[in-house]
Amino acid sequence: MIRDILSGKSGVDPSQLAGAAGLPSDPASLQAMMMQFQRAMQQSGDGSVNWDVSRDQAVTIGRKDAIAITPAEHAQYDQAFHLAELWLADVTTVASLTATGRLMSRAEWSKATMPLWTQLAEPVATSISDALTNVLSEQAPEQFKDMIGQATRMIRGIGGTMFAMQLGQVVGQLSTEVVSGGDIGIPLLDDEAALVPQNVAAFGEGLDIPMDQVQLYLAVRELAHARLFRQAKWLKLHFISSITAFARGIHIDTHVIEDLAESFDPSNTEQLREAMTNGSLIPPKTDAQLAALERLETTLALVEGWVDVVTHDATLRLPKADAVAETVRRRRATGGPAEQAFATLVGLELRPRRLRDAAAMWRKVTDAVGVGQRDALWQHPDLVPTTADIDDPAGLIQRLEAAARGDAPEPDEMDVALEDLLRTAAEPTDDEPTDEDDKDEGTTPPPAV
């Protein structure tokens, strides 16, 4: 397509491009897409991605079929948040929020969470743009090489704009599925709790559960999430650094692009679309990525497991709490289409694989040492349970019980290694004279420095 444009044979077929990228092909969307491409080609600078495209795309999708929040709903949710705060005060020592929970429309959720989504997706977008320009520079015919070199910034802009529009499509679709700010499991909002009433209503349809109980249960879960991320300030940075470390390791397999270009049939856009959506352009994960992924999955499991335990204890007096909890578990296990699309787009599944094990560990810790010691583990990243603690909660409980009694903790591997190092450094070597040697020789040892 780019070869045809540069040779003057044709222009861009917007419907073909939208179909290949998995974007909407209705006239309004096509017009908006072409406007974004024109801006990308005209913009100056370093060719960085304009993430406003993602935000605008997501907000537009969120506004479609939107249902306004009524004053009656505001009153119901205010009561649910108030009661949830009281119930949580009985089961956790994590401090409450400074502001009450708020209600968001789908569009508001998209706009409020987009800064974090773009932060996670930017390394991938940069990698895709780099791969596109590199392949074009290497594979273009000689008569086009100078032209390609001059058009690199334009090509990067188009590639980045396409990726930004795809991200906006994913986040916009997510806004139609999530019920709260913490529904994905990562801290998308800053120190606040939020519910999306339109999606909560869809969540409760067909459950044969009173809607006020659904609202209250989800309010408890959302406040537990928000409280934890507000108190453990380091937790959000840990999430972002783990995800960013994973994303920065992603690169595009240029050999796949070359093979695709050689066999590509312009009339068969489904071929390109399948390659972009099945993850074949992204090579297998590196060792560093696997390590970052393990850290991320462990933290996700610990957070979600803690929230499950706290929510269960806080909603014991709610008649249908178990039924709502089971719906949450099933929904979390399957994941929605938009979440799967994000996994393909960025190459990362935001799914805690060991959630049940982590929840079981938190339950045993709670029963053994109480709520206070359990929640104190979130005060510092060095205190948070590890994968080994999830495997063996008894060892963690023994350490916590010993600390409560004031017993000195057993030295771990790091303590032993440090002690050996210090002892070795203090021992004289064969070449160094000892005090006995000095006495034998009748000399006075030199003064210490």
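Trainee: How do the axes of helix α17 and helix α20 cross?

Mentor: Axes are lines fitted to C-alpha atoms, for helices over the stretch in contact, with angles from 0 to 180 degrees between N-to-C directions. Helices are DSSP runs (H or I, at least four residues), numbered from the N terminus. Here the axes of α17 (residues 355-369) and α20 (residues 393-405) come within 10 Å and cross at roughly 30 degrees. That makes α17 roughly parallel to α20, since angles under 35 degrees count as roughly parallel, over 145 as roughly antiparallel, 65 to 115 as roughly perpendicular and the rest as oblique. This is a predicted model, in which local features need pLDDT of at least 70 and side-chain atom pairs count only at pLDDT 80 or more, while totals for chains, interfaces and linings use all residues. Residues are numbered from 1 along each chain as its sequence is written, and side-chain values use heavy atoms, with hydrogens and water left out.

Trainee: Which residues make the contact of α17 and α20?

Mentor: Contact means heavy atoms within 4.5 Å. From α17 come M361, K364, V365, A368 and V369, and from α20 P393, L396, I397, L400 and E401. By class, eight are nonpolar, none polar and two charged; Ala, Val, Leu, Ile, Met, Phe, Trp, Tyr, Cys and Pro count as nonpolar, Asp, Glu, Lys and Arg as charged, and the others, Gly among them, as polar.

Trainee: Are α11 and α14 roughly parallel or antiparallel to each other?

Mentor: The axes of α11 (residues 233-248) and α14 (residues 287-314) come within 8 Å and cross at roughly 150 degrees, and the two helices are therefore roughly antiparallel. On the α11 side, the contact includes L235, H238 and F239, which belong to a group meeting residues of α14, among them Q289, A292 and L293. This contact has 10 nonpolar, four polar and one charged residues.

Trainee: At what angle do α10 and α11 cross?

Mentor: The axes of α10 (residues 211-231) and α11 come within 4 Å and cross at roughly 95 degrees, so α10 and α11 are roughly perpendicular. L228, F229, R230 and Q231 in α10 meet K233, L235 and F239 in α11.

Trainee: How many cavities are there?

Mentor: Rolling a probe the size of a water molecule over the atoms shows where empty space is left. On a 1 Å grid over the protein atoms alone, a cavity is a set of points where a 1.4 Å probe fits but cannot get out, and lining residues have an atom within 4 Å of a point. Grid points are joined across faces, edges and corners, and a volume is the space filled by probe spheres set on the points. The count comes to three cavities of 30 Å³ or more. The largest cavity has a volume of about 90 Å³ and is lined by 13 residues, of which P187, L189, E192, A226 and F229 lie nearest its centre.

Methods: 1 Å grid on protein atoms, 1.4 Å probe; cavity = no way out; pocket = protein on both sides within 12 Å on 5 of 7 lines; lining within 4 Å.
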